[in-house]
Every structure is written in structure tokens, then in C-alpha cells.
Amino acid sequence: QKLFIYAEDLLKSIRQPIAVNGETIRTSASIGVCYFPSHGRVAGDLIARSEHAMNQAKKIGKDIYTIFDESIENSSILKAEMIQAFNKGLDQNEFEMFFQPRYDIKTGAMLGSEALLRWNKGGKFMAPDTFLDVAEESGMIVNICNHAFDLAFKQYEQLFNGNPPIMLAINVSAKQLSHPDFLNDLFSMMEEHHFPSEMLEVELTEQTLIENYESSLATLNALSSAGVKVALDDFGTGYSSLSYLKNFPVNVLKIDKSFIKDIHQDKSDLELAKAIIAMGKSLNMEVVAEGVENNKQLNILANEGCHQAQGYLLNKPLPFGKFHDLFNETTSSADASA
């Protein structure tokens with residue numbers, strides 16, 4: 001009980017404003033607490049476990065104290081093991097790209113695909129939501145996605161061999177976008193694999209854009225100047241604001257699948273989807289619907305003038321071999337009809 005009082009008193013003292021050269025400075029702290037001997041009998045263990053507790057306090061919101069418990073340590077151990085597994089996965093080429101085709105709603109033509117990261121760990125594909133958060137938090141997302149980008153460009157190079165190019169959409173995380181080597185690395189990979197910049201679409205969430213407004217704007221302007229398209233992914237689920245659409249060079253709006261799921265039976269979702277489509281069209285943007293799963297949804301989107309769609313009704317994400325076969329079939333059909 002005394003430790004709680006000491007920790008609270010310390011936080012209160014640190015919160016007190018300090019006057020420096022006529023300026024008022026306010027500070028705060030995050031405190032981690034552990035007990036001897038229940039949490040450790042040697043200084044090294046106690047320091048490490050109090051640090052784990054402190055890091056947890058920072059994640060919760062800072063300016064608080066947190067008591068160490070086993071779950072904190074176990075979580076840290078699991079993250080460390082996951083990072084080791086990431087490095088092993090990169091060395092052994094366990095990360096793969098799947099490609100989900102995207103179609104023109106009016107003509108039914110396949111316009112390209114969205115590249116989706118998959119981890120083939122021990123012969124079993126892990127869902128991205130089981131590892132991407134740890135990869136992002138640890139910074140490993142940059143190495144993983146650079147590997148994935150390079151692989152996607154290399155595989156698309158095979159598609160382009162003697163055939164008309166098609167679009168490739170690829171997701172970029174906040175850590176990638178803010179990395180100082182992002183543009184150089186991206187353009188180098190595109191040059192190495194002869195990938196035309198006008199066939200690349202970079203997908204970002206609204207959260208990614210606002211995490212570092214100024215640098216995001218500069219990076220996206222450089223991409224746009226090079227001919228790369230910029231897509232706002234999961235539109236409507238984050239910090240939707242017309243200012244982002246006005247200030248950033250956005251070419252494509254992707255309606256999140258959560259709005260598409262019930263448009264054929266929920267009036268509110270239908271009105272939201274219609275509003276996004278109308279807004280995108282008024283701003284001369286391509287509008288893409290994600291997660292289309294039945295013909296009722298597709299017909300509604302077609303009637304509202306949505307440009308493109310992707311989803312399980314049209315095609316699921318495919319490993320490159322199957323996507324390559326689909327592309328060849330599509331190309332052959334187009335040549336035959338011509």
C-alpha cells in the first residue's frame with residue numbers, strides 16, 4: 001500500500017509546472033512497480049520486471065503507474081519470440097504475396113489486383129492480423145514489406161512479359177511511409193523489375209496519413225509526381241475528413257467492406273455507401289468497393305455508379321501461380337473476342 005502512495009506522490013510532484021526562462025514547462029512520467037521477493041530476488045530481475053511494468057504504463061496512456069504481473073512478462077517474451085521468427089521467416093522466404101483480383105463493375109474486366117501479405121509458417125498460412133501489429137510495433141514491418149514488395153514486383157514482371165500491364169495495389173504501413181529510405185527503396189525495386197509507375201497504386205489508411213502529416217504529404221506528392229496512384233483504404237472507418245481528400249493527392253477511394261456487407265438490407269449502410277460513391281465521383285476519384293460477396297451488393301454498386309469491386313463473389317486472394325493462370329485466361333479471352 002505504501003508503494004501506491006509513493007508512486008502517486010511522485011507522479012503529482014512531476015506534474016507540477018516548472019518555470020524556465022519565462023516559459024512554463026509541464027512534465028509527466030510513467031512508473032513501473034515490482035516487489036521483492038515475489039517478483040524477483042536479484043536486482044537484475046527486479047529492474048527488468050519494473051521496466052516491463054513501466055512500458056505497459058506507457059501503452060495504457062502514460063502519466064500513471066503500473067504494477068508488474070506475469071502477463072506483462074509473458075507478452076514481452078512472446079513478442080521477442082515473434083521477432084526472432086520474423087527474421088527466420090525472411091531468411092527462409094516464408095513471406096508470400098497473394099493477389100486478389102479487382103474488376104471493372106461495368107464491363108467485368110479484370111483491371112489488376114491487390115497484393116496481400118501472407119506468412120507461410122511451418123506449412124500453415126498465418127492470418128495477417130495475428131502478426132502485423134507486432135511487426136509494426138517492433139519496426140520489422142519495414143523489412144518484411146520491403147521483401148514482399150520486391151517479390152510482388154518480381155512476380156508482376158512475369159505477367160508483363162509480352163502482355164499489356166495491369167494495376168498492382170499494395171498496402172503501405174505508417175512505419176514504412178515515414179522511413180527515410182522508403183521512396184529510394186520503392187523506386188529502386190520498381191526500376192530493377194521494370195515496373196511502370198503508372199501501374200502502381202499505394203494504399204494507405206487515414207490513420208497512416210495523419211500520424212505524420214507533413215512527411216506523409218511530402219512523400220505522397222513525390223509518389224504522385226512519379227505517376228504512382230494513391231488510394232485511401234478502408235475509407236469511412238477512421239478519421240474521415242474532406243481535408244485529407246483536398247490536401248493529399250488521393251486518386252482512389254476504397255469503401256470499407258463493413259459498409260458493403262449489408263447494403264442490400266440495411267438502409268443506413270446503403271446511404272453511407274451512396275454518399276461515398278457520390279463524393280468520390282465528384283472529386284474525380286476512382287471508387288472501389290471491398291468485400292463484395294453477393295450479386296445483390298454488386299447490382300446496387302453498379303446502379304450507384306461505383307467504378308470497381310473486389311471480394312469473394314468475384315475472386316478470393318490467390319497465390320501467384322493461380323493468379324498468373326487467371327491472368328493468362330483473361331488475356332486469351334480478350335484476344336479471342338478482339
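Predicted model: local features only at pLDDT ≥ 70, side-chain atom pairs only at ≥ 80, totals over all residues.
Local features are taken at pLDDT of at least 70 and side-chain atom pairs only at pLDDT 80 or more, while totals for chains, interfaces and linings use all residues. Side-chain values rest on heavy atoms, with hydrogens and water left out, and residues are numbered from 1 along each chain as its sequence is written.

Take the helices to begin with. Helix α7 covers residues 182–192 and helix α9 residues 213–225 (helices are DSSP runs of H or I with at least four residues, strands runs of E with at least two, numbered from the N terminus). Their axes come within 11 Å and cross at roughly 20° (axes are lines fitted to C-alpha atoms over the stretch in contact, with angles from 0 to 180 degrees between N-to-C directions). The two helices are therefore roughly parallel to each other, a label for angles under 35 degrees. On the α7 side, F182, L183, L186 and F187 meet T219, A222 and L223 of α9 (contact means heavy atoms within 4.5 Å).

Then there is K254, which sits in strand β11, residues 252–255. At 0% relative accessibility, K254 counts as buried (under 20% relative accessible area, 1.4 Å probe, protein chains only). Neighbours within four places in sequence aside, K254 is in contact with several residues, including R102, E114, D233, F235 and Q310. E203 is also one of the residues that K254 contacts; the two lie 51 residues apart along the chain, with their C-alpha atoms separated by 9.0 Å.

Methods:
Parallel < 35°, antiparallel > 145°, perpendicular 65-115°, else oblique. Buried < 20%, exposed > 50% of the residue type's maximum accessible area, 1.4 Å probe, protein only.
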